[in-house]
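Here are notes for a colleague who is opening this structure for the first time. Please read them beside the sequence and the 3D view.

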Amino acid sequence: MKFEKLNVQRIVFVFLIFILLFIFIIYVCFSLPRITQRPTIKDSSKSHHVLIIGEAQNKSFLQRVLTGAKEASENYDCVIELLVPKSYAAEESIDSLFEYATFIEPDGIIACIPETFFPSEPLVNSKGKAIPLITLSNYNAELEQVAYIGTNQSELGRKIALEGASYLSKGGKAQGSVAVVSLTHDFRVNYSTLMNSLTNSLLKYKDIQTSVLDYANGREFLAKEDIDLIICPSSEDTIKVAQLVTELHKEGKVGIIGFGSGEILETYLQKGTITELLSIDCESMGKSAINELFSYLNTGYANSYVMSGLEIKRSEKK
């Protein structure tokens, strides 16, 4: 009897161990990020490995950054890979991407981060050495980063205002009505800085009547009022306004100066719905990121802040 009881206990014990092992395997599989491009084993022919990471919504932006980074990497002995979630609906947070990136142990990380992001774990390799971080677009002063590459929001606001005044210039004098719209709820500090700079710059033109429209009254105002130019300081707003102008059959009757990049915006630009499109020079940003990273790796120093350039595209249809 004792022998049989002992065998049963062993069987139960082995069964429990098997269940726990199975649960552990499932946990490991689902805790690692599901990504569009899983980094392969580091190219043995290259001395350095760099990861570019970010959210799914920034995928097209990061792919252009990757293009510029790869071009710059020809001057260095490195392989560069992109790490983003499969889709907007993917459950991986930016923090989990950082966790996975540190697991890969690259020589550097280039990241497009949310404005308020702060990693829950230090960015270090298995030897406890910090992994150099280059951040793009959004600046976080509390984040330990080798360099930040982005756009000065105040300068961007002034540039957009200047483009608006140029569009409304008649006989050397800027005049007309402008609506600056924010149809999305955006409470980022950087976005507020951009909006303040843009509107304040427009107010300097005495013959330009400027209306600032928010989410609550923007759509109704644009549907009723006749205005000469609509300025959209974000890609989301630009797309929404282009859609609204199309619905209202006002294409060609009102100018749109938008901001952002992507296939949808490019289509509206080609059709002439969007008059002018400003965007960050992503390729240049990628080149600067690689150059600053390897400056740090080779000398221990890098420029802490690098201004990224702007691209301006104008529709050929008047």
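1. **A buried glycine.** Gly 54 counts as buried, at 0% relative accessibility. Buried means under 20% relative accessible area, exposed means over 50%, and partly exposed lies in between, with a 1.4 Å probe and protein chains only. Gly 54 sits in the loop between β1 (48-53) and α2. Helices (H or I, at least four residues) and strands (E, at least two) are DSSP runs, numbered from the N terminus. Leaving aside neighbours within four places in sequence, Gly 54 is in contact with Leu 62, Leu 83, Val 84, Pro 85, Ile 94, Leu 97 and Cys 112. Contact means heavy atoms within 4.5 Å. Gly 54 and Phe 98 are 44 residues apart in sequence, and their C-alpha atoms are 9.1 Å apart in space.

2. **Basis of the model.** This is a predicted model, in which local features need pLDDT of at least 70, side-chain atom pairs count only at pLDDT 80 or more, and totals for chains, interfaces and linings use all residues. Residues are numbered from 1 along each chain as its sequence is written, and side-chain values use heavy atoms, with hydrogens and water left out.

3. **The chain overall.** The protein chain has 9 helices and 14 strands. It has 318 residues, of which 44% count as buried. Take the contacts in the chain with a separation of 6 or more: residues 24 or more positions apart account for 72% of them.

4. **Ala 111.** This residue belongs to strand β3. Ala 111 is buried, at 0% relative accessibility. Not counting residues up to four places away in sequence, Ala 111 touches Ile 53, Phe 98, Leu 133, Ile 134, Thr 135 and Leu 136.

5. **Strand β8.** How many residues of strand β8 (residues 176-181) are buried? The count is 6 of 6, so β8 is largely enclosed by the rest of the structure. Gly 176, Val 178 and Val 180 point one way from the strand. Ser 177, Ala 179 and Val 181 point the other way, and all are buried.

6. **Partners of β8.** β8 pairs with strand β9 (residues 208-213) in the parallel sense, over 6 bridges. Two strands pair if DSSP finds at least two bridges between them. Ile 208 in β9 is the bridge partner of Gly 176. β8 also pairs with strand β10 (residues 229-231), again in the parallel sense, over 3 bridges. There, Leu 229 is the bridge partner of Val 178.

7. **Aromatic pairs.** The structure holds 3 aromatic pairs. Rings of Phe, Tyr and Trp (its six-membered ring) pair if their centres lie within 6.5 Å; planes under 30 degrees apart count as stacked, over 60 as edge-to-face and the rest as tilted. The ring centres of Tyr 76 and Phe 294 are 4.4 Å apart and the planes are at 10°, so this pair is stacked. Tyr 76 lies in the loop between α2 (59-72) and β2 (78-83) and Phe 294 in helix α9 (residues 282-299), so the pair ties together parts that are 218 residues apart in sequence. Tyr 76 is partly exposed, at 23% relative accessible area, whereas Phe 294 is buried, at 3%.

8. **Gln 153.** This residue is found in helix α4 (residues 153-167). Gln 153 counts as buried, at 16% relative accessibility. Beyond its neighbours within four places in sequence, Gln 153 is in contact with Asn 190, Thr 193, Leu 194 and Ser 197.

9. **Positive phi.** Most residues other than glycine have a negative phi. Glu 105 has a positive phi of about 60° and is not a glycine. Glu 105 is in the loop between α3 (94-104) and β3 (108-112), and is partly exposed at 34% relative accessibility. His 249 has a positive phi too, near 55°. His 249 is in the loop between α7 (235-247) and β11 (255-259), and is exposed, with a relative accessible area of 62%.
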